[in-house]
Every structure is written in structure tokens, then in C-alpha cells.
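This briefing goes through one protein model, topic by topic. Please look at the sequence and the structure before reading the points below.

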Amino acid sequence: MKALTSKQVLQENHTSDPNAVTSLTFTHRALSDVSCLAEFKKLEKLDLTFNNLSSLEGLKPCVNLKWLSVKQNKLRSLKGIEGCVCLTQVLNAGSNMLQSMEEVSSLVRLRALILNDNEIVSICRLDQMKELNTIVLSRNPISKIGESLGKANSITKLSLSNCKIQEIDSSIKYCMELRELRLAHNEMRALPSELGRNTKIQNLDLGNNLITRWSDLKILSSLTNLKNLNLVGNPVADKDVLTKKIKNLVPSLHIFNGRPIDKVIRNATAGTDDNHSVDAKKGQKMKKHKQPYKPINKDKDENTPSMDPKSKRKSRDSKDKSVIDTEDVAKVRHDDADEMVYIDATEKKENREDDDVAVGKKKKKVKSKASGSLAVQLLSPEPEVGLGGPSAWDL
């Protein structure tokens, strides 16, 4: 057990007056007791990230705290946070072992609540938190939203990625100011009609869910301000025509599956034109190889002068020899023609396979981009979201 002391705080802040200390950062110190902070009455910002705190009871006297981070500790409960009635900016208690969030409901002036990577199973009522604009609850075993958002009229950013949500409950319709909604890595199969009332949404992440049918996406046409949409990992995203359909459905869209949507459509169109050009060239090559064979004329010339019997016999032998040679030549040329056709067919098959490989690489490249760097930005951690700064999705 390692306790923070008042002497240590004063020394590190180069002061002897506790009232002169308004901001403190004690991270990665293995602290398990910070009750000495009760002496620092003017403390407004406190960062205790990466310590061994198992309770927040020692922070009850810190009534002037406005910003608090206790993420990456060993908290099982937020009991004690009720005393911090002046928390107005951020409460970050992510990456702990919290099983409930009921205690935060008393923080009626809080704007950003970050509780990702815990063991919370349900969202508490947020009725009294009139100024709350950001909620991050990703990577919690939350199965449903329920009526918890019924009066959360001021929320602009909501993250429930990597939970166990199977459907968006109707209370989402009350979040009329919602601009950013993250629901990736859940078990949703459809989007509710109520989502159509959230017309201010600009960024929507639905990646890695179970959406299969195109008809389940048509409600997106109501989101007239939607600029960034992610559907990677859904069965419906495997359909080649989806990009054009989405663009027609949501004309305001700029980014789709992590890539500029207009660029994806241009590339797809260019790829189709290239395939037509390759097929035309192959047709010309096939035509060139299949030149019809012209047989040798074996008919006797009518103007040939008469000969004596010996000459006739000689001529007849010569003629027979000529017929044999002609047949041999015809056979050889016919065999050559068959060989050329066979070679051409083989080359065509090999070229087609090469083209398929190239197309496959191209598709693979597109897929890697869709789930690569830009997609990582889409699904990046959200600590900065609750700070009131620009969204991590603003590309």
C-alpha cells in the first residue's frame, strides 16, 4: 500500500501553500491512498491515471474538482464520487473493474462521462444530467440501452462499441443533438425507424455487426447530415454494388468504410472500363489466331496439253505424289491450326487467370484500405472525445 503525502505534493509543486495548488498529475505511481488531497481545497484538475486505487472515498472533500481521471486503476465502485459536486468537465474512470455507474447520476453538471473497458451491465438513468454531451461506454457487457437516454437531450457523442447490444432502443430518438454514434462490434441486425429522427448525426460507425439486408439500411436516407459511415464487417458490406447504393441513399456522405466515397466509385468505374478493354484485345488476338485455312486447289487445269502414254504415266505418278503431298500438307496445316487454337485458348485462360489475380489483388488492396489506416482512425480510442475538442472521426 502506497499513500500520497501532503509533503510530496507541495514539494513537487514547489510551494508551501496548499491553496496555491489547482492542478495535479500523479500517474504511474502505484498509489493506493490519496486521502491527503482533502487539504487542497482549490484543486480543480486531478490526473491519477495508472495507479492502484480501489476506492474514491478519499476524494469526497475535493468539492472544487472540475476534471478528474482515475482510469487504469483497480476501482470496483465509484462510491465517493458523489461528493465532487463541481465536476463539470470530465470524469474518466475507464479501464477499471466497475460493475455499476449509478453514482454518476448525482453529477448533474458533468459534460463528459468516460467509462469504457469496465464490467458495467446497464446504463443508469441520466435524467438529471442536463449538460451531459459525451458518453463513452465502449467495451462493457451492456446488452441494451433501454430508456436510459429518454431525457438525454444534450448528448452529441455516444460510444457503445464492443458491447453486446442487439438493437437500438427507442430512447435514442430523444437524443436530438446527437452528432456522433459508435455502435461497432455489436450484435445488431437492423436499424430502428426511430434513428431517422436523429437528423444531426454526422458520424455513424456500425462496423462488425450482423446487418444483412439492404432494406435494413434505408432509414439512413433520413440522416441528411451524415458524412462518415462505416459498415465494414457486416454481411451487407460484401455486396459490390453497395457503395453506389449508399451514395444514392445518402448524398451528403463523404467517407464510406474509411475511404472517400467518390474515389471508391471512380475506381470501381475505371476498373470496369479496363476489363472491357482487356476483353476487346483478347477478342482481336483470338481472331488473329483463327485465320481460316485455304486448301490447295487439286483440280486439273483445263488447258493442260495432251501427252503420250509414257508421259501420261509419269504425269499420273506425279499427280498421285502431288495428291499425297497435298494431303500431308493439309494434315500438317490442320494440326498446326488446331495447335494454334489450343495455344490461344491456353494463353487466353492464363491471361484470364492473371487478370483474375490482378483483380483479386486490386480488391484485396481496396479491402485493406477499407479496414486499414483510415478504418483504424474510425475505430481509434476515444479519450480525447470527452475533452470537448474535435472528434477523432473528423477527417
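Ser148 touches Ile123, Cys124, Arg125, Leu126 and Ser171, leaving aside residues up to four places away in sequence; a contact here means heavy atoms within 4.5 Å. This is a predicted model, in which local features need pLDDT of at least 70 and side-chain atom pairs count only at pLDDT 80 or more, while totals for chains, interfaces and linings use all residues. Residues are numbered from 1 along each chain as its sequence is written, and side-chain values use heavy atoms, with hydrogens and water left out.

**Ser148**
- Ser148 sits in the loop between strand 6 (134-136) and strand 7 (157-159); helices (H or I, at least four residues) and strands (E, at least two) are DSSP runs, numbered from the N terminus.
- Ser148 counts as buried because its relative accessibility is 2%; buried means under 20% relative accessible area, exposed over 50%, and partly exposed in between (1.4 Å probe, protein chains only).
- The side chain of Ser148 reaches the backbone oxygen of Ile145 at 2.7 Å.

**Val63**
- Val63 lies in the loop between strand 2 (45-47) and strand 3 (67-69).
- With 37% relative accessibility, Val63 is partly exposed.
- Val63 touches Gly83, Val85 and Cys86, not counting residues up to four places away in sequence.
- Val63 and Glu82 are 19 residues apart in sequence, and their C-alpha atoms are 9.6 Å apart in space.

**Cysteines**
- The structure holds 0 disulfides, a disulfide being a pair of cysteine sulfur atoms within 2.5 Å.
- Cys62 is in no disulfide, and the nearest cysteine sulfur, that of Cys84, is 6.1 Å away.
- Cys62 is buried at 3% relative accessibility, and Cys84 is buried at 0%.

**Salt bridges**
- Side chains of opposite charge can pair when their charged atoms come close.
- The count comes to 10 salt bridges, where a salt bridge is a side-chain nitrogen of Lys or Arg within 4 Å of a carboxyl oxygen of Asp or Glu.
- One of them joins Glu131 and Arg111 (3.9 Å, N to O).
- This pair links distant parts of the chain, 20 residues apart: Glu131 is in the loop between strand 5 (112-114) and strand 6, and Arg111 is in the loop between strand 4 (90-92) and strand 5.
- Glu180 and Arg182 also meet in a salt bridge (3.0 Å, N to O), and both residues are buried.

Definitions and conventions:
A polar contact is a pair of N or O atoms within 3.5 Å; within protein, one must be able to donate a hydrogen and the other to accept it, and residues adjacent in sequence count only if both atoms are side-chain atoms.
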